[in-house]
Amino acid sequence: MAQSDKLVTVNVQNESLLSVFTTIETQTGYKFAYNLESVNVYQKVTVQIKNKDLNAALALLFKGKGINFTIKEKNILLAKTTDAKDQKTQPEISGTVYDNEGEPLIAATVTVVGSNVGTVTDVNGKYSITADPSATLRFSFVGTQTQLLKVGNKTQIDVRLMSSINIDEVVVIGYGTSSRKGLSTAVGSIKSDALLARPTSINVLQGLAGQIAGVNVMSNSGKPGADAAIKIRGTSSLNSSNDPLYVVDGMVGADPLTIDPNIVESIDVLKDAASCAIYGARGSNGVIIMTTKKGKIGNSEVQYQTTTSIASLANKLDLANSTELLEVFKRAYEYVPGRIAPHLDPTMTSLDFPRKAELFNADGTPIYNTDWQDECTRTAISTHHSLSFTGGTKDFSALANISYKDDQGIMLNSNRKQLNAFINLDWNVKKWLNIQTSINAGSNEAHGVDGGGITLTETRIMLEALPFLPVKYADGTYSRKGDYPDTEEAENPVKMLKEKMNTTGRQYALGNFIGTIKFSDNLKLVTSWGAQTNAQYYFYWSGNDIYDSSETQKGVATREHWNYANWSNEDYLSFSKKMGENSLDLVGGASWYYSVNTSTTAGSEGYFDNFYKYYNLSVGTVTETPQSSFTESSMNSYFARGNYNYGERYYFGASFRVDGSSKVGKNNKYGYFPSFSAAWRPSNEEFFSGLSGVINNLKFRGSYGAVGNSEIGDYQTLDKMASQQTVFNKTIVTGVILESLKNDNLKWERSTQTDIGLDLGLFNSRIDVTFDLYNKVTTDLLYSKKLPSSSGYTEAMDNIGSLRNQGLEFSIRTLNIKTSNFSWRTSYNISMNRSKVLNINGDTQYTWAGIIQEGSPLNSFYGYVRLGTWGTDEAEAAAVYGKIPGDLKFEDRNNNKQKDSGDRTIIGNGMPKFETNMTNYLMYKGFTFSFELECMYGNSVMNYTRSIMENRVTYSNCYKTSLDAWTPDNQNTMITALKLPLDGYENDADTRSVEDGSFLRVRNISLSYSFKKEWLKQIKINELSLGVNAENMFLFTKYSGYDPEVTTFDASFNQGVDMYQYPKPKTISFNLGLKF
Amino acid sequence: MKYKILVVLPMCAMLFASCQDFLQENPRSVITTGNYYQTQEQIDAAVYGAYSGLDDIYVGAYGVATSPLFAIDYQTGYATRPRDAAFAENQFLFLETLDPANEYINDWWTSAYIPIENCNSVIANLNKTKLLEDAAKNRLLGEMHFLRAHFYFQLVRLFGEVPLKTAPTTNLNEVFFPKSSQDSIYSQIVADLKFAETSGLVWEDLPGRANLGAVKSLLAKVYITMAGYPLQKGTAYYQLAYTKANEVIDSNKYPLFAKYSDLRKATNENTKEHIFQIQRESENFANLLHFCYLPYPEKKVSIQKGVGGAMKPSKSFYDSYEAGDQRVAEKNYYYTSSVQYGKTTVATFDPFIYKYWDADAEVSGKSGANIWCIRSADIMLLAAEAKAYVDGGTTTDTKAINAYYLVRNRAKPNEAKPTSITLDQVQKERYWELCYEFQTWYDMIRTRRAFDVVKGIMVDLIGYTAPEHKRAFIEADLLFPIPLEEQQTNPFLAVDTTTVN
């Protein structure tokens, strides 16, 4: 034992051991090393030491405290006092504890399970301890996985403690954090690198896609900046919101679309009721907690990242070309004997068909063959830049980020630009006071195209435009579909893309302040204030020569502005204490939330010139009625949570939240949401020690809880009167009409959820598995109940009915190969969700192509069953239905000899039976190669795009499959005889329109190289990496549209309805990252 | 350490805020019923709101040239739809058995009941208010009773027995009302109109608001309907109808226009022959008829292309007019050719309806022409028909003949005034005169007779196959079924329920 020549003087009364250590370290230059689990450094001591040498001082200090000390080099190693009696009778075991890199671990704790005997390793990682051959040794160290080993007849035991990949990570759980191993609830997490793995992700939702089991993110449009639709464990509400709750750095209700993925450190998704219940009020759709990046203590660093990507149309639809389409026209006209298609009809005069000579040769063959998909799309080049500055000292750290994104869409002229700035400061103002404050602000603007839908939008006419028309005639004028007689008139899509303007944008700011006051080591008060403001706008311009949009109005310009702002305040006390094997965490507090929404719309028509667009509404001669609105809402909540564990083996948690909302009826303002959870970790039990080499972590979890939802819009419970203008003798007056019945008793929608889960770590967590089963029942649905209109009202909001979502989630992370140069990691997840409407008052609700009814799942498609076409030998049977051979034949399900609503049935479902994702990372020296697969199975797509184009041939272009239409020689077909729309057509949703949407997508392939740090040091660069990514490069599906991951409408109830949706790109991007 | 309190207190200031007030809703952009009826202006606005329900069935459109409105002319079998039709329309066009799930049936139902609730609410509040003098209050009450009668008349004719409700709904738990007998519904309609008749309304009132002529005209229509099917109150009610119609005719406030083109002249709106019109305005309250009735396939005879084809007359109906009838002369009620918009070329086509051609809309692309609701020609022919019924099928009554001849003379200027007229003559005249004004169906079900356009005679409705229908009328076709949504939401209206009186 080396003798210190430094003298020690300590004179303290009732202060913690820790503070005495600090004094001694300062005086001697020696460092204490100990394990918190074996040495209680927070215990209070009263001691007087004057000018003693170190050994003597320590002996005095630890006298009667049960702490042994050893001085090795400049370290003072502490351990629990071992029992002297046992030492004599038991053999001594010694060995070395290493970390997973093979370096000795200093101050790792070694204890004999079930006794007070223990020690810590020295600076060489060595230990010695006495233990019976029947005893089990526990080796533990912060940040590694604990190991249990039987002594047996060994006297030398060396141990390698693997750093924990998974189980010891910190998880943000709302009003606090937890280690993953301490969780008794279902929480999924991803870190920044995974969120940024796909460089084209513009917002955090896109980054989340496929990363967490049970979190379904559908990218339903290829439009730049298009919102992704997110569902956590299914859709749980019919009339209230189905969006999860977003929490950014503790600020509840943040808008996720304003959060740049670059500033996010981690995302934790609370999935089960017990984890969400602390946000009870709004937790029924799950909670997504984002934690932003903070400054790092140490040297200041600058990081720059840039991406340039090249996108093009991922795949093209198989549409008819000029020759094929003219064959369709010819046959459709000849459906009625003697009728001749206009391009073949010699009697057609130039008055009836003015462009005929420009379009057709004398023999009726086409001059042009335009591929409108090529004409309307382009190769789009986008760039992203992100610049970060970080640094800090012990008491102050800062991070600033500025990013710029210029995303070009693959449809002509569509784009989105965003500038974002973020700063995050962390400051220990006093020993007892920490403040953290962040500001995120920016703006974005997208010039889009009209989304899909039934109107004659750019994306629709791109497909429907006739290939035998040129984009422009020789005289420079744009063609129009109606240039061919008796087709449906529509504007030229290229002209619309170039000349119409649909602009959406927003300017936003989010500020957050969190103050933490430490009353003692166990007790702290946290108070946070957050505010955000969002100014959003939509501007529309369609010039005075755009057919069908604005030609008759001589130009239409509209400007809509919305502004929503909110503030929130959360105050809570948190208490945590460890006593031996007992550990307790308590949180209790209150929160207030206020939000206000306003909007203003103005517009005018009648523009003498197209110069002004939407920039000067006063130019228009006709004023559209201006509109405005104002709504506000507030919430007030009280919450408490307790978590207790015994010996990291038995975990119990409970929470309770009381929420008040302005949106519910005045008799039921407050809702009450309790939750309970428990877990058991047999892997920490003594009896498990023999298995610890194989199973290093095993945990069974169970939770049950209730969460609420009241996101129904403001003033839904009041007896409102609506203003309604009316007119007398051309003079407009304003009247009022009854709008809604009041419902003072309207209360919170309630979801109760049971979750059973399992966490398993094998082979030192080289394999990590998480499995969850859940049953989620929403009751007291905030439901827009149908009323008989003879009551004077057609609906009223009431608490009626229930829905159920059941499912399972499985995820696995493996480290398949690990050598010094090469490693291969895989992460895989699969999830299934089954929904069922249990009770909705016997009502039937129709969605786009679908139905919501009791006993059926949500997102059910509803329609007729197409059997095929009537054959020539079935003329008599067809006549019963008023049909002739060649007409469509449908199943007469109610057998009443007519096609009516009773023949409809459920014909598909828009949500997958299961979805699964797999990502592989292969690393060799500085190279990282990864590929990500996305698969959905069993989902249907209602392909309205094809069915409209197939059923109304000659109004528009059609799929090539239309050539397979019924003829007397081709009777075994699903496609009706080619005929003109005025010969009659049936365009109802049916089994032909529903297609199998199962798919396998190679979502992302990436290769990157990080340069060796030794090389970079010479040019004073810390890190430099280059990479290339290919996104959405391969898609395997039977679906005939652009992409089966699609919907044109609200995804909560209309997932998988494809009506001329903006197509998706495939993208190649090049990335550069630099740190210095 | 004691300074901590200085930091803690302001941080947690919200803890002391009052919670109950914090959660109170105080809407600023919408008003609630409890805060209403405080001023005369608020009363006026509620009255205007009740009127705004009049157009509900006329503006509902689902797509191109598609509206539930057309259903009751499709149902007659004298009209066809050149544009492609959906299943819901085909049921009417071909006289298929109406499916209660057909959404157009629900539209006809709802477009009456929602406005009725506004009437009920205004009536209840007017009865309570002390803001108005009795005279002014009574006049407003008269207008509201007229409107309520109008909507119930629509319901009882189309659906038969329906719930009769004359007080506003105030409680979410009291929203189910049983069917009432047709007798009691007609009694309420008559009571409402009689109230309106004596409420102080004058012949000429603000255009578009209920005036005495409109009230009496509607009452005449109610009486003649009660006299016929289904109540069959007979001669006494034909006499009542005759008397009431004559009060309108004798007022001399509502003379016929000299020419058919005058009917659609913008300057003639709300005057003379137009006893009551539903008010339109081109920018914000468009009339869809001009564009919906354009020839189809498109001939582009008006500025907007791609919207026509909602309805055209059956060729045999068009051919049923007598030679020389002015109504069938080009561009009176119908047209078969027109100069194409912006060109000099002339397009020709099968006969299309020209009744509602709007000369302004042709160039502006927006039609603000009023919708015809009650016009004198209807009331004149009604008087003649009622008297013919009273007199056993033929009448020599001078007033009846005069009324008939006023209408007939405009169509056939060279024809001498008859000395007697038959029921069949008058009823045929009603078909020719009032076609495609959403009136013919009501005539067919109240008389149970149809105009056999091929033979040119009046026949029994039951057993007659109208030109566009696939089969003959049966009794079950005469009422719309109660809409499925209503059956599903109101336990009293589920099939097989009893009627209360």
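The model is predicted: local features need pLDDT of at least 70, side-chain atom pairs count only at pLDDT 80 or more, and totals for chains, interfaces and linings use all residues. Residues are numbered from 1 along each chain as its sequence is written, chains are lettered from A and ligands numbered from 1 in the order in which they are written, and side-chain values use heavy atoms, with hydrogens and water left out.

**Overall build**

Chain A holds 15 helices and 57 strands. Helices (H or I, at least four residues) and strands (E, at least two) are DSSP runs, numbered from the N terminus. The radius of gyration of chain A is 35 Å, close to the 31 Å of the globule rule for 1076 residues, so chain A is as compact as a globular protein of that length. That radius is taken over C-alpha atoms, and the rule is 2.2 Å times the number of residues to the power 0.38. The C-alpha trace spans about 120 × 65 × 60 Å along its principal axes. Of the 1076 residues, 58% count as buried (under 20% relative accessible area, 1.4 Å probe, protein chains only).

**The open sheet and its helices**

Three strands of chain A form an open sheet in the order β2-β5-β4, with mixed pairing. Its edge strands are β2 (31–33) and β4 (67–72), each pairing on one side only. From one strand to the next, the twist averages 25°. Strands pair if DSSP finds at least two bridges between them.

Two helices of chain A touch this sheet. Helix α1 (residues 17–28) lies across β2, β4 and β5, at about 140° to β2(A). Helix α2 (residues 54–61) packs on the sheet and touches β2, β4 and β5; its direction makes about 165° with that of β4(A). Axes are lines fitted to C-alpha atoms, for helices over the stretch in contact (heavy atoms within 4.5 Å), and angles run from 0 to 180 degrees between N-to-C directions.

**Antiparallel pairs**

| Strands | Bridges | Facing residues |
|---|---|---|
| β4(A) and β5(A) | six bridges | A:Ile71 and A:Ile76 |
| β7(A) and β8(A) | three bridges | A:Thr109 and A:Val120 |
| β7(A) and β10(A) | four bridges | A:Val112 and A:Leu137 |

Strand β7 (residues 109–112) of chain A is covered on both faces. A:Thr109 and A:Thr111 are buried on one side, A:Val110 and A:Val112 on the other. In a regular strand the side chains alternate between the two faces of the sheet. The hairpin of β7(A) and β8(A) has five residues between the strands, and there A:Gly114 takes a positive phi near 85°.

Note on methods
Buried < 20%, exposed > 50% of the residue type's maximum accessible area, 1.4 Å probe, protein only.
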